[in-house]
Amino acid sequence: MKNRITELFGIQHPIIQGGMHFVGFAELAAAVSNAGGLGTITGLTQRTPADLANEIAKCRELTDKPFAVNLTFLPTVKSPDYPGYIEAIIKGGVKIVETAGRSPQEYMPALKEAGIKVIHKCTSLRHALKAQSIGCDAVSVDGFECGGHPGEDDIPNMILLPRAADELEIPFVASGGMADGRSLVAALALGAEGMNMGTRFIATQEAPVHENVKQAIVAASELDTRLVMRPLRNTERVLNNSAVERILEKEARLGKDLTFNDIIDEVAGVYPRIMKDGEMELGAWSCGMVAGLIHDVPTCQQLIDNIMAEAEQIIRKRLASML
Ligand SMILES: Cc1cc2nc3c(=O)[nH]c(=O)nc-3n(C[C@H](O)[C@H](O)[C@H](O)COP(=O)(O)O)c2cc1C
């Protein structure tokens with residue numbers, strides 16, 4: 001398949017693996033890129049810029065295909081060393097950056113000067129337009145279904161994607177709720193030129209997470225995610241578990257008085273023990289509604305090959321036969 005997204009990133013298939021905290025390591029990024037998609041290393045999972053430089057070097061040993069680094073701009077007061085991470089990206093020769101969270105405006109000159117293509121992930125049309133206006137090359141439009149932070153507008157992709165198609169000039173991919181060839185064709189029909197997947201890529205052979213995490217996704221249905229931290233305007237879609245029930249109970253009880261400190265035990269620093277050690281009840285971890293469409297743990301190559309074969313079958317046979 002060929003379009004502006006495959007051309008922009010020099011990839012075979014318009015399928016991107018979004019940055020994921022404690023999931024997006026070199027092994028997964030390289031497996032996705034080797035399968036013809038665009039794999040992404042999650043920058044902030046690496047504790048220092050030097051660690052990120054090592055992870056980039058490791059990925060380069062595992063693939064000679066293009067891959068990206070995700071830089072998430074957090075809403076925290078004490079900012080990570082973003083200039084240091086950007087230096088590691090530039091020195092590591094990475095040519096694609098997925099930004100997310102706050103606007104990447106401040107860092108655009110440095111990224112552009114280094115010839116880096118920037119795809120900004122955002123959950124609203126106004127942020128997508130802003131990204132376009134500050135020189136981003138593409139956007140990843142993240143609908144309300146998505147795992148992670150869906151923002152506060154709650155617009156699902158069935159509306160958000162055609163709105164983006166109406167207003168944007170730069171190419172965009174659909175993110176949130178994407179799992180298979182049907183998702184890809186639907187995304188293309190709604191005006192996107194590819195798709196970004198998070199949750200689906202966790203349930204793959206190469207995802208360097210504990211088997212419990214993969215099995216939790218396979219076992220989950222589309223009814224099993226919850227939104228937490230809405231009262232803090234930092235909404236996150238997570239898989240339900242006992243820690244999430246505790247958060248929701250506190251949110252209901254404390255209402256407007258809730259502070260981050262009230263839920264710190266369930267959300268702060270829990271990722272390593274969940275993702276690496278498989279302690280599934282320890283805290284809240286991001287997961288999309290798309291878990292309801294995930295029933296297996298294929299290799300990234302099998303997953304991407306199946307998506308492309310199914311998409312082609314739908315376009316050439318199912319849809320063409322209706323005309
Ligand atoms: C476990 C997990 C961790 C994530 N961590 C990040 C992150 O650190 N930065 C980011 O920009 N997006 C993060 N995301 C969002 C994904 O990159 C992607 O946008 C999202 O998962 C798409 O929705 P889907 O899960 O329905 O495919 C995370 C998602 C998951 C499931």
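**View 1. Contacts of Met195 in the predicted model.** Met195 touches Pro14, Ile15, Val173, Ala174, Ser175, Met178, Ser183, Leu184 and Ala187, leaving aside residues up to four places away in sequence. Contact requires C-beta atoms, placed from the backbone, within 7 Å. This is a predicted model: local features need pLDDT of at least 70, side-chain atom pairs count only at pLDDT 80 or more, and totals for chains, interfaces and linings use all residues. Numbering starts from 1 along each chain as its sequence is written.

**View 2. The largest nonpolar core.** This core has 91 residues. Met195 is among those with the most contacts inside it, together with Val97, Val139, Val141, Phe172, Ile202 and Ile217. A nonpolar core is a set of buried Ala, Val, Leu, Ile, Met, Phe, Trp, Tyr and Cys residues joined through C-beta atoms within 7 Å. Buried means 20 or more other C-beta atoms within 10 Å of a residue's own, exposed 12 or fewer, with C-beta atoms placed from the backbone.

View 3. Pairing takes at least two DSSP bridges.

**View 4. Strands 4 and 5.** Five bridges join strand 4 (residues 96–101) to strand 5 (residues 117–122), and the two run parallel. Ala100 stands opposite Lys121 in strand 5.

Methods
Two residues are in contact if their C-beta atoms, placed from the backbone, lie within 7 Å. Helices (H or I, at least four residues) and strands (E, at least two) are DSSP runs, numbered from the N terminus.
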